[in-house]
Amino acid sequence: MLALTELGQRLRQERENKGLSLEDLQKLTKIQKRYLLGIEEGNYEVMPGKFYVRAFIKQYCEAIGLDTDAIFEEYKSDIPSTQTEDMPQQLSRVRSRKEIPQHTKGVSKAYDYLPTVLVVAGVVVVGIIIWVIAQNIVSDKNKEQANQEAPNSEVQQSNTQEETNETTAKNDNSNSEDEQSAADKKEQEKEKAAKEKAEKEKAEKEKKDSGKQEYKEVQKTGRSATYALSGTDAFNLEVTSTQADTWLDVKNGKGNAFFSSILKKGETKEFDLTKETEARVNIGYSPGVELKVNGKAVDLPFDSSKQVRQVVTIQYQPAEAQ
C-alpha cells in the first residue's frame, strides 16, 4: 500500500470523523471507490487524467464539508496542476480479410441465400391466409342458407327468448350498478367532507401562526448565513432532499449533534428544536434541498447552483420570552 500524503491523511480523517465509508462517499459523489482511495493514498496514477485529479478532490472536499479553496491552497504541493494530455491513440476495429476466421465463410454463404428463403416463406404464408379466408366465406354462406331454410316459428321463438334474456340481464346490471354507484357516492362524500375539514383546520392553524411567526435574515458571510426566528412558541425544522443524497449535520448552539449522516434522496428528517435557542444546519449538497420552519417553507440563503455547500444558523426566541 502507498504511503499517505498529508492531504490524503487529512481527507481520510475528516471522512472517518463524519462516519462515512468509501462506499458511502462513492454514492454521495458518484466517483468510483478506486479513485477515492487513490486520492487518499496520493496515487494519482489511477486517475483517468490529471484534469480529473483536481475535480475529484474538489468533489471529495465538498461532500465531507471542507472548504475547497482553503484545502487547495494549503496542500498545493500535494495536488498536481492541470496539464494538457495527449489523447490515447484509438485502436482500429478494422481487420483484414486474412484475420477473419475461416469458419465464418460458411455463415456468409448462408446469408447469401437468405433473401430467397424469405421470399419463398412469404409466398407460402400468403397462400395459407387466402385458403383460410376462402374456407370462412364458404362456411358463412352455408350457415346463412341453413338459417333461411329453418321454420319461421323457430326463428321467432329464438329471437323472443334472446330478447327476454337480454332484458333480464340489463335490469340486473342496472340494479347492481345503481347500488354500487350509491355506495361509491356516499364514500366519496365522506372522504370529501373529511378532506375539507382537515384543510380548514390546517388553513386556520397556518393563518394563526403566520400572523405571529417572523423569520428574518441577520447576516451573510462566505457560505454561511444567520436567521432570527421569533413570534412563535414552537421551533420545528424539516429538511428534505429531492434530487440526490447529501451530507446533513444538525447541531444546537452548544455543539450537540441531532443528526450527522447522509440524507438519502427523497428522505425527510424532522427536528423538534423548541427547547433550543440556536440550531446550525450544515448542508453538503444543497441542490434540491428544502427547508421548512414550523411547516412553512423557507428559502436557502444562497443560489445552490453557485454555492453547493451551505451553512444556515437559526437563532430562536420564543414568543413568551419576548
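This is a predicted model: local features need pLDDT of at least 70, side-chain atom pairs count only at pLDDT 80 or more; totals for chains, interfaces and linings use all residues.
On the α2 side, the contact is formed by Leu25, Leu28 and Thr29, and on the α4 side by Gln59, Tyr60, Ala63 and Ile64. Sorted by class, the contact of α2 with α4 comprises five nonpolar and two polar residues, with no charged ones.

Helix α4, which spans residues 50–64, also packs against helix α3, residues 33–41. The angle here is about 90°, and the axes are 11 Å apart. Helices α3 and α4 are therefore roughly perpendicular to each other as well. Tyr35, Leu36, Ile39 and Glu40 of α3 meet Phe56, Ile57 and Tyr60 of α4. The contact of α3 with α4 has six nonpolar residues and one charged residue, but no polar ones.

In soluble globular proteins, nonpolar side chains tend to be buried together. The largest nonpolar core of the model holds 26 residues, of which Leu7, Leu11 and Ile57 touch the most other members. At least two residues of this core come from each of α1 (6–17), α2 (22–29), α3, α4 and α5 (68–74). The most are given by α4, with seven residues. When neighbours within four places in sequence are left aside, Ile57 is in contact with Leu7, Ile39, Tyr44, Phe72 and Ile79. Another core, of 24 residues, lies apart from the largest one and includes Tyr227, Val239, Ile283 and Leu291.

Methods
Residues are numbered from 1 along each chain as its sequence is written. Side-chain values use heavy atoms; hydrogens and water are left out. Axes are lines fitted to C-alpha atoms, for helices over the stretch in contact, and angles run from 0 to 180 degrees between N-to-C directions. Helices (H or I, at least four residues) and strands (E, at least two) are DSSP runs, numbered from the N terminus. Angles under 35 degrees count as roughly parallel, over 145 as roughly antiparallel, 65 to 115 as roughly perpendicular and the rest as oblique. Contact means heavy atoms within 4.5 Å. Ala, Val, Leu, Ile, Met, Phe, Trp, Tyr, Cys and Pro count as nonpolar, Asp, Glu, Lys and Arg as charged, and the others, Gly among them, as polar. A nonpolar core is a set of buried Ala, Val, Leu, Ile, Met, Phe, Trp, Tyr and Cys residues joined through side-chain atoms within 4.5 Å. Buried means under 20% relative accessible area, exposed over 50%, partly exposed in between (1.4 Å probe, protein chains only).
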